[in-house]
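This report describes selected local features of one protein chain. The sequence and the structure come first, and the text follows.

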Amino acid sequence: MQYDQQDGGDGGPTTGGPATTGAPATDGGRRPARGPRGRKILIGGGLALALAAGGGAAYGFGLFSDMGDPVSFGKIQESAAAEDIRPGVLMPTGPKSAFVRTSRLPDGTQIAMTTLTGKKSGFTGDVWVWVPKEYDDPRYAKSGFPVLISLPGGRGYPKNYWGTGPGLGLQQAVIDGVKKGTSLPFILVMPVINADTKHHYDGSDIPGQPKMGTWMADDVPDFTRANFRTFTSRDGWAFMGSSSGGFGAFKHVLKYPDRFKAAIASGVDFVPDSPLWKGNRQAMDENNPEKLAELLIREGGPDVYISFQIGTKESGREQTEAFMREYGKGPVHTRLQVIQDGEHNGKSYVRGMREGSLEWISKVMQAPTPDPGVR
C-alpha cells in the first residue's frame, strides 16, 4: 500500500512504499526559496470574511504571506540575569541559528526552518522547530521547556513531514492538550532522518556512511540547547516518531537512557535492516532495540518509558506485543496505544497521541514552571 507524504505516510514526494524503500527526490538540502515578502492583499468578500474571523484565519485562507521571512524565538530570555537562572534550567548557549518561517498556526505560533551542519556528525540537513505559546509568556522566562524530537517515517529527507505538514495536527494536538491539561507545552524539533534520497540509515552510524545516529542523538540536541531554554536533566528530553522514525525514536532512548527518558514510537520495526550494514553484525547489534533493551535490563536502568502506537488497519501488532512481553520489564516501561481504524500514517498516529500517548508521556517528563511573581 502507498501513502501520501502530506498525510504523514511513508511515501516520497507524492506517494511511496514502506520505510525500507529509500528516500524521495531532493534539492540537496538547500534552503527553500524565500516566500514573497510583505503581504498580498486580495480585494473582495473573502478578505473581509477572513479578517472578521481573525488573523489566524486570514493566514489560513492564504491572504497574507510572510512565509520565508526571518524568525526569532525567545524574545524574553536574554533578560534573565545569571543569578536568576533556576537549578536544572539551561539558558540558550548559542550561537543562534538563522530561522525562516514556514507555517503559522491559528494561535499565532509558527513553524520555522534552519539548515544545520552537525559539528559531531559532519552531516548537513534541515531542521524544523515549533515552540508553544507559553515559551514567550513572561511567567516562564526563567523556566526550561521539555523537548520532543519528532522523527518522520519513510524517506525522511529532504523533508520532515511533521514540520512541513502542520495539517497532520501534531502541533495542534500539543496546543489542545495544554489547554485541557493533558499535555506539557513541548518544544517540537523536527530534523531530517536520512542523508540522501536513495538509502535509509536506521537512524544509526553505519560504518562508512553518514553518521545519522550522531546527527539525531548529539547534533540535534546540541542545536536545541544552543537556541532554546531547556532542562539539563534527561527528564526534559524525549523522542516521537512513526515507522522508520519510530524505530529511531525508541532506539535512541534505549541506547542513551542517560540523555533521553521517553519515546512515542508508532508503527515501528524492531531490528535494524538497512542493506548498508552489509552484514556488520557488531555494529547492527549496537543499534538493535532488542539487544539494547536486554542490556539495559541487565544493568538495571536507568528507567525509560516507551509508548508504542499501532493502528487496527496496519500490521505489526503481534510483533509489538511480543517485544513488550520479552523486554517490557525492569527499567524498560512499555505501553501500547491501539488506534481503532488507524492506518500506517501520521494522521492516525496523532489521533493516538490525542487519545492517550501525549498525556502518558507528559506525566513522565519535566514540566516548565511559571514564576509566581510574574503575571
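In which strand does Q337 lie? The model is a predicted one, and in it Q337 belongs to strand β12. Q337 counts as buried because its relative accessibility is 8%, below the 20% cut-off. Strand β12 spans residues 332-339.

**Confidence**

The mean pLDDT of the chain is 84, and 81% of its residues reach 70 or more. Residues 1-7 have a pLDDT below 50; beyond near neighbours in sequence, this stretch makes 22 contacts in the model. Residues 10-64 also have a pLDDT below 50, and here the model shows 109 contacts beyond near neighbours in sequence. Where pLDDT is low, predicted coordinates should not be read in detail.

**Helix α9**

Helix α9 runs over residues 317-327. Its buried residues include T320 and F323, and M324 and Y327 are buried as well. Why do these residues fall on the same side of α9? They cover an arc of only 100° around the axis, and therefore they share one side of the helix. On the other side of α9, E318 and R325 are exposed.

What covers the buried residues of α9? Among the covering elements are two helices, α6 (244-255) and α8 (289-299). Strands β11 (304-311) and β12 (332-339) are also part of the cover.

**W360 in helix α10**

W360 lies in helix α10, which comprises residues 346-364. Is W360 buried or exposed? With a relative accessible area of 18%, W360 is buried. Setting aside neighbours within four places in sequence, W360 is in contact with A263, Y305, I306, S307 and R335. In sequence, W360 and S183 are 177 residues apart, while their C-alpha atoms are 8.4 Å apart in space.

**Backbone features in loops**

Most residues other than glycine have a negative phi, and most peptide bonds are trans. The table lists the departures from this pattern that are described here.

| Site | Feature | Angle |
|---|---|---|
| Y157 and P158 | cis peptide bond | omega about 0° |
| G301 and P302 | cis peptide bond | omega about 10° |
| S243 | positive phi, not glycine | phi near 55° |
| D341 | positive phi, not glycine | phi about 65° |

Where is P158, which is joined to Y157 by a cis peptide bond? P158 sits in the loop between β6 (147-151) and α3 (161-164). P302, joined to G301 by a cis bond, lies in the loop between α8 and β11. Both α8 and β11 are among the elements that cover the buried residues of α9.

S243 is placed in the loop between β9 (237-242) and α6. S243 counts as buried, because its relative accessibility is 5%. D341 is found in the loop between β12 and α10. With a relative accessible area of 45%, D341 is partly exposed.

Terms used: Residues numbered from 1 in each chain as written. Predicted model: local features only at pLDDT ≥ 70, side-chain atom pairs only at ≥ 80, totals over all residues. Heavy atoms only, no water. Buried < 20%, exposed > 50% of the residue type's maximum accessible area, 1.4 Å probe, protein only. Helix = DSSP H or I, 4+ residues; strand = E, 2+ residues; numbered from the N terminus. Arc of directions from axis to C-beta. Contact = heavy atoms within 4.5 Å. pLDDT = per-residue confidence, 0-100.
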